[in-house]
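Dear colleague,

I am handing over the structure below, and I would be grateful if you could look through it alongside these notes.

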Amino acid sequence: MVGPAATAQGIAKLQVLARIVQLALVAFLLVTGLAFIVDLVILARQLQVADPPTAINDLGTLVYLLMILLLLLATIPILLWVYRAHANLREASVAGLKYSPGWAAGSFLVPLANLVVPFRAMRELYNRSHGEPEDFAQSGAGPVTSWWACHIPVVMLYVALSIQGVLPLVSNIWVTAPPAATTIMGLFDLLLLMGSAWFLHQTIIAISMAQRHGVATANVFE
């Protein structure tokens, strides 16, 4: 059994990672919100059958590049946070855990597995951190469910757009749509991205607070 000092050290590390992740997600939300506004301006021009100003197009390109950069920069601390939060439960000798820290974090990067495992592992992490017994590890967890409900459509939409872009390169099939329709799809995607980031932010806060303040029952962090 790992001693209380080791568990306290793990929780302290989790709080540092949580602050970093929260700052990264807030920055991502702000930039994504700006991208949404830019796309609204572009859509208004498209509905008027007019080309958007060059400055707006340039701003949109810059904002999207910044959004991608922030997403990449946020990925590492998010995975580290996931690993550390699961490791804290192990170090506190919580029984019946189905997901190891390594697999809970690494599953985000494994195709197909990343459509199921991160959600189930995060739900277990949320419930067990809040003191739920093993039998209720996969019971409903509001912020986790909301995060995944936004995340999966984003993934599916990006897959569809990727297929649309690759098809002309490997076949004679071309998939086209009116510019306004493409922009509307992009706006919907941005809303889902913001929802995913926001609910992940709330999930991280809830789990970090549970582990820090002992919201979990005494047999978790005693």
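Predicted model: local features only at pLDDT ≥ 70, side-chain atom pairs only at ≥ 80, totals over all residues.

Residues are numbered from 1 along each chain as its sequence is written, and side-chain values use heavy atoms, with hydrogens and water left out.

The chain has six helices and zero strands, where helices (H or I, at least four residues) and strands (E, at least two) are DSSP runs numbered from the N terminus. Of its 222 residues, 41% are buried, a word that here means under 20% relative accessible area, with exposed being over 50% and partly exposed in between (1.4 Å probe, protein chains only). If we take contacts (heavy atoms within 4.5 Å) between residues at least 6 apart in sequence, 74% of them join residues at least 24 apart.

The whole structure holds one salt bridge, that is, a side-chain nitrogen of Lys or Arg within 4 Å of a carboxyl oxygen of Asp or Glu. Its partners are arginine 84 and glutamate 91, at 3.2 Å from N to O, and arginine 84 counts as buried because its relative accessibility is 13%.

Two pockets deserve a look. On a 1 Å grid over the protein atoms alone, a pocket is an open set of points where a 1.4 Å probe fits, with protein on both sides within 12 Å along at least five of seven lines, and lining residues have an atom within 4 Å of a point. Grid points are joined across faces, edges and corners, and a volume is the space filled by probe spheres set on the points.

The largest pocket has a volume of about 840 Å³, and among its 26 lining residues Leu71, Thr75, His151, Val155 and Leu193 lie nearest the centre. H2 gives the most to this lining, with nine residues, and by class the lining has 22 nonpolar, four polar and no charged residues. Here Ala, Val, Leu, Ile, Met, Phe, Trp, Tyr, Cys and Pro count as nonpolar, Asp, Glu, Lys and Arg as charged, and the others, Gly among them, as polar.

The second largest pocket holds about 320 Å³ of space and is lined by 17 residues, of which eight are nonpolar, seven polar and two charged. H6 supplies the largest share of that lining, seven residues.

Best wishes
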